[in-house]
Amino acid sequence: MGSGAVTQVLSVASEVAPILKTGGLADVAGALPAALEPFGARMRTLMPGYPQVMRSLGEHEVVARFPDCFGGAAELLAAEVAGLDLLILSAPHLFDRGGGPYLSPAGSDWPDNPERFAALSWAAAQIANGAIEDWQPEIVHCHDWQAGLAPYYIARSSAAGRVPTVITIHNIAFQGLAPAWKMQALKIAPVDFTADGLEYWGQISALKAGLVFADQLTTVSPTYAAELMTAEFGMGLEGVMRARKDSFTGILNGIDEATWSPATDAAITTYTTGSGKAANKAALQQEFGMAEASGPLCVVVSRLSEQKGLDLLIEALPALLARGGQLALLGSGDKGLEAAFQRMAGPNVGIRIGYDEGLSHRMMAGGDAILVPSRFEPCGLTQLYGLRYGTLPLVALTGGLADTVIPASPATMAREVATGIQFFPVTAASLAHALEQLCDLYAQPEHWTKMQQNAMSQPVGWDQSAARYAELYERLLAK
Ligand code: ADP
């Protein structure tokens, strides 16, 4: 591939697991470099120098200096952290603060988020144009709105033989909007502030900049790719997606099997077949203060937001409890939903509000089923963990959930391919019905065990998808 045997790729992401994670984007950004290596791509990852990142730095090198980077001086550091080849934009005036990567400690967006992530994108463009003395990428692969301006800056830079760019949409709901008066501060030329450019209803959209100016667009499942071209799911950008449909494709996320594998997971009692889950289930019930029950123990590990459809679960839960089922939920986010779930807590309903990586592993190992009733879901990772752990996914029929779960039906049971349950439309009534179907299946151990086997043997790692990204890079380089 590329000029040599190995293609040099710069990945640009605002969060990267295991260093800093708020959602699936971090898992993907963290897993891609190792996944791509066997396919002849070397990926270096550019991320912001948040305090968590700076603290995890051991030995490092300053590889570039930007004296004037969006209101202050910045340095580009190179370091290996957690096996990742990182480039870190150390810009204390933008990133050295408490709170999360996007939110202040009080929970509101930082007002200068447009500048913070424009700086990240601009640094990516500098690297693409040769800012580092001994390394230059052949491809720049951007993730979500936080890296959306990079394809724009690269497209508009004067450097000859510019580097091809890819942008991956992990969630179109986050568009990186900024008021038009920030145009100059964000280094955007007024000629590009048009409907064909990066203007979105009178505002600047960093995501749209990426969608318009990148050479290739991807999203994280084939079904979400099709959905994004419709008004129902495109969130106002469906026209842009349709205009670029010849350069747009869906590539499913995989899971990092080094971290998520029941045979080796250090957080659990390891197992290789569904029957090996029993010790984990008993431990999880104890952890949530629950007794044994006749029905399935359902788990949820999720951000609590409108997207995830968990308000529907509150309404549908009686259907599960009436059949002897149990619920253990780990999540945080919307305060109203947090409170509503806390009110549901009881002998068969365990609620943990917060973010807890270790507990998420124990829940995956100890649960019988994992519930993902999302209204939209670009790919979804927890149903993939569920498959791997023999924790059968019950999911809404949308996005990546539609692409990764094979619903139980007489035909799929007969062909021994069923791995879970899907419901549609995404309403409380149809979720309640699906929960009843789940309880029925659970009451038939022969079927349940077979489905666990099917689920645990379904490939959910990165191999196939990494090959598709590698092909895509190759095609771009051949142009
Ligand atoms: P999204 O990116 O929309 O939040 P995904 O399913 O793609 O959804 O990824 C969510 C990731 O975050 C998964 O790895 C999931 O295990 C993790 N996660 C979500 N909420 C929590 C939590 N409260 N505690 C631990 N891990 C969580």
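Visitor: Are Trp260 and Tyr385 buried or exposed in this structure?

Guide: In this predicted model, Trp260 is buried, and Tyr385 is buried as well.

Visitor: How should I read the geometry of two rings such as these?

Guide: Two aromatic rings are described as a pair by the distance of their centres together with the angle of their planes. Here Trp260 and Tyr385 form a stacked aromatic pair, with 3.7 Å centre to centre and 10° between the planes. Because Trp260 lies in the loop between β12 (248-250) and α10 (278-287), while Tyr385 lies in helix α14 (residues 382-388), the pair ties together parts that are 125 residues apart in sequence.

Visitor: How many aromatic pairs does a search of the whole structure find?

Guide: The search finds 12 aromatic pairs, and one of them, formed by Phe70 and Trp122, is edge-to-face, with 6.0 Å centre to centre and 75° between the planes. Phe70 sits in the loop between β3 (61-66) and β4 (74-81) and Trp122 in helix α4 (residues 113-128), so this pair ties together parts that are 52 residues apart in sequence. Both Phe70 and Trp122 are buried.

Visitor: Which residues do ring pairs link into a cluster?

Guide: The cluster that ring pairs build consists of Tyr50, Phe95, Tyr102, Phe117 and Trp145.

Visitor: Over which rings do the charged ends of Arg44 and Arg352 sit?

Guide: The charged end of Arg44 sits over the ring of Trp135, at 4.9 Å from the ring centre, and the charged end of Arg352 sits over the ring of Phe288, at 4.4 Å from the centre of that ring.

Methods
Residues are numbered from 1 along each chain as its sequence is written. This is a predicted model: local features need pLDDT of at least 70, side-chain atom pairs count only at pLDDT 80 or more; totals for chains, interfaces and linings use all residues. Side-chain values use heavy atoms; hydrogens and water are left out. Rings of Phe, Tyr and Trp (its six-membered ring) pair if their centres lie within 6.5 Å; planes under 30 degrees apart count as stacked, over 60 as edge-to-face and the rest as tilted. Helices (H or I, at least four residues) and strands (E, at least two) are DSSP runs, numbered from the N terminus. Buried means under 20% relative accessible area, exposed over 50%, partly exposed in between (1.4 Å probe, protein chains only). A charge sits over a ring if NZ of Lys or CZ of Arg is within 6 Å of the ring centre and within 35 degrees of the ring normal.
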